[in-house]
Amino acid sequence: MSNEIITESKLETLTVTSEETQITCHCFYPFTTFVRVWKSTFLVCKQTGTKVPVTHALNVPWYPNYILIPAKERFTLIFGPLPKECTS
């Protein structure tokens, strides 16, 4: 189960304070599968190439552990802020 692509996710920017933001990614697979997250997971800003690491994982374990997630059950990944120049 390496290099699998999450088939559907929703990204949203949540303002925490006037100077802090976080990116919350609500994810699910359309089928039942085993899932885990590596602490090396990151988002990449296409405009700047900046990599933003995952800071928290909810309802999914960190490597090396796995969890069986039923089809369409959500898990959440939280990342730090992307640069202001980032639009996609």
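The structure holds zero disulfides, a disulfide being a pair of cysteine sulfur atoms within 2.5 Å. Cys27, for example, is in no disulfide, and the nearest cysteine sulfur, that of Cys25, is 3.2 Å away. Please note that this is a predicted model, in which local features need pLDDT of at least 70 and side-chain atom pairs count only at pLDDT 80 or more, while totals for chains, interfaces and linings use all residues. Residues are numbered from 1 along each chain as its sequence is written, and side-chain values use heavy atoms, with hydrogens and water left out.

Cys86 is buried, at a relative accessible area of 17%; buried means under 20% relative accessible area, exposed over 50%, and partly exposed in between, with a 1.4 Å probe and protein chains only.

I turn to the core. A nonpolar core is a set of buried Ala, Val, Leu, Ile, Met, Phe, Trp, Tyr and Cys residues joined through side-chain atoms within 4.5 Å. The largest one has 15 residues, and among those touching the most other members are Cys25, Cys27, Val60 and Phe75. Strand S2 (21–28), strand S5 (51–58) and strand S7 (75–79) each give two or more residues to this core; strands are DSSP runs of E, at least two residues, numbered from the N terminus. Cys27 has 0% relative accessibility and is buried. In general, nonpolar side chains tend to be buried together in soluble globular proteins.

Glu73 sits in the loop between strand S6 (67–69) and S7, and is partly exposed at 40%. Beyond four places in sequence, Glu73 touches Cys27 and Phe28, where contact means heavy atoms within 4.5 Å.

Finally, the rings. There are four aromatic pairs: rings of Phe, Tyr and Trp (its six-membered ring) pair if their centres lie within 6.5 Å, and planes under 30 degrees apart count as stacked, over 60 as edge-to-face and the rest as tilted. Phe34 and Tyr66 are edge-to-face, 6.3 Å centre to centre with 85° between the planes. Phe34 belongs to strand S3 (residues 33–35) and Tyr66 to the loop between S5 and S6, 32 residues apart. Trp38 and Tyr63, by contrast, are stacked, at 5.7 Å and 15°.

Note on methods
Helices (H or I, at least four residues) and strands (E, at least two) are DSSP runs, numbered from the N terminus.
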